Amino acid sequence: MKTRYLSADDPKTPEIAAQILQKGGLVAIPTETVYGLGANGLDEHAVAKIFEAKGRPQDNPLILHVAEAADMEKFCHSIPEAAWLLAEKFWPGPLTMVLPAKPTVPRRTTAGLSTVAVRCPDCAVTRQIIRLAGVPVAAPSANISGKPSTTTAQHVLHDHDGRIDMIVDGGSCRVGVESTIVDLTEERPRLLRPGGITPEQLLQVLGDLIVDKAVTAQIDQDAVVKAPGMKYKHYAPQSEVVIVAGSREKAAAYIHRCFVPGDRVLCFEEELPLYESFAPLAYGREADVNTLSAGLFAALRELDDPAVRKVYARCPEGGGVAYAVQNRLKKAAAFQIVDAEVEV
Ligand code: TXA
Ligand code: MG
């Protein structure tokens, strides 16, 4: 198949994309977090094509993207007051809520769960496409399963050229890591995945938040978990990734001791001079964590090269958006972290 590639600025784009979705096709859509691989979320056959194109495990449910908060009622029941409050405060935006699903949502979309994840993305062209299509758009991140997420239309083209109907090029994604996911189906709200809406922001509205263990540790493949996607190895380049924690100087000393040809250093812009002879790759500025979240996946994709042996990565500290960057990098590193302060 020929993949159509259109700019988000082209006035024809929303209508063409909406028609493809209505006919059961696949359209890669820009969002503020990452690019999604979209299909009509109410059409089982269309949804099945997403799993096939991505090579996604069948037990991993999809997020339904809606154009406005009021649409939650079409696909969810028993919506708590907290969901409306969060929608009012953070939608459109990088927040996904897990709620009880109505029977109108096919089992393929929810992977057989009784709940469904919903999100209203902060991207005008994508909301326009959803409105014109007249259906919610089920969309996982557009990367091939297990690979770093897609934050530019070129990333999507690289993974899916000739295999999907259309790509809408809306430029680089502003946030760069996938949405925050919060489960509101239990007595206490539970953070399933950190993202652009921070735990601190959620707490301000909810007054309470449990952090699921899948956020902070490696989960067994056969474990029963709240967010099935969190147990898979994610976001990872082919080579081994090791996070080097500790001060700038101690980390540089450790990496200089261990580095051999074929290795790469993934660091902050501020640290580039420390690794001059190693062709280091910076993914953003430590002083501005938003540049780190925006640049992380493009950098991990660049390092996804069979010639790379091992990646030594520097990771920001602290809460807020740094918490989401830590989560993605730790997963890419399969939670391998060395502390340069104690290593000799
Ligand atoms: O920012 C985003 O959320 C992007 C853009 C395209 O919107 N989408 C995205 O989708 O990251 P995906 O499929 O890569 O990640 C969705 C995550 C998976 O870990 C999945 O297991 C979880 O959401 N999920 C989906 N439905 C769920 C449900 N009903 N209960 C718990 N977790 C769910
Ligand atoms: Mg994904």
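Me: Where does Lys226 lie?
Reply: Lys226 sits in the loop between helix H9 (213-216) and strand S12 (240-245). Helices (H or I, at least four residues) and strands (E, at least two) are DSSP runs, numbered from the N terminus. This is a predicted model, where local features need pLDDT of at least 70, side-chain atom pairs count only at pLDDT 80 or more, and totals for chains, interfaces and linings use all residues. Residues are numbered from 1 along each chain as its sequence is written, chains are lettered from A and ligands numbered from 1 in the order in which they are written, and side-chain values use heavy atoms, with hydrogens and water left out.

Me: Why is Lys226 called partly exposed?
Reply: Buried means under 20% relative accessible area, exposed over 50%, and partly exposed in between (1.4 Å probe, protein chains only). Lys226 has a relative accessible area of 36%, so it is partly exposed.

Me: What does Lys226 touch?
Reply: Contact means heavy atoms within 4.5 Å. Not counting residues up to four places away in sequence, Lys226 touches Asp183, Glu186, Arg190, Leu192 and Asp212.

Me: What is the bridge partner of Val98 in S9?
Reply: That partner is Asp183. Two strands pair if DSSP finds at least two bridges between them; S5 and S9 have 4 bridges, in the parallel sense.

Me: What makes S5 mostly covered?
Reply: In S5, 6 of its 6 residues are buried.
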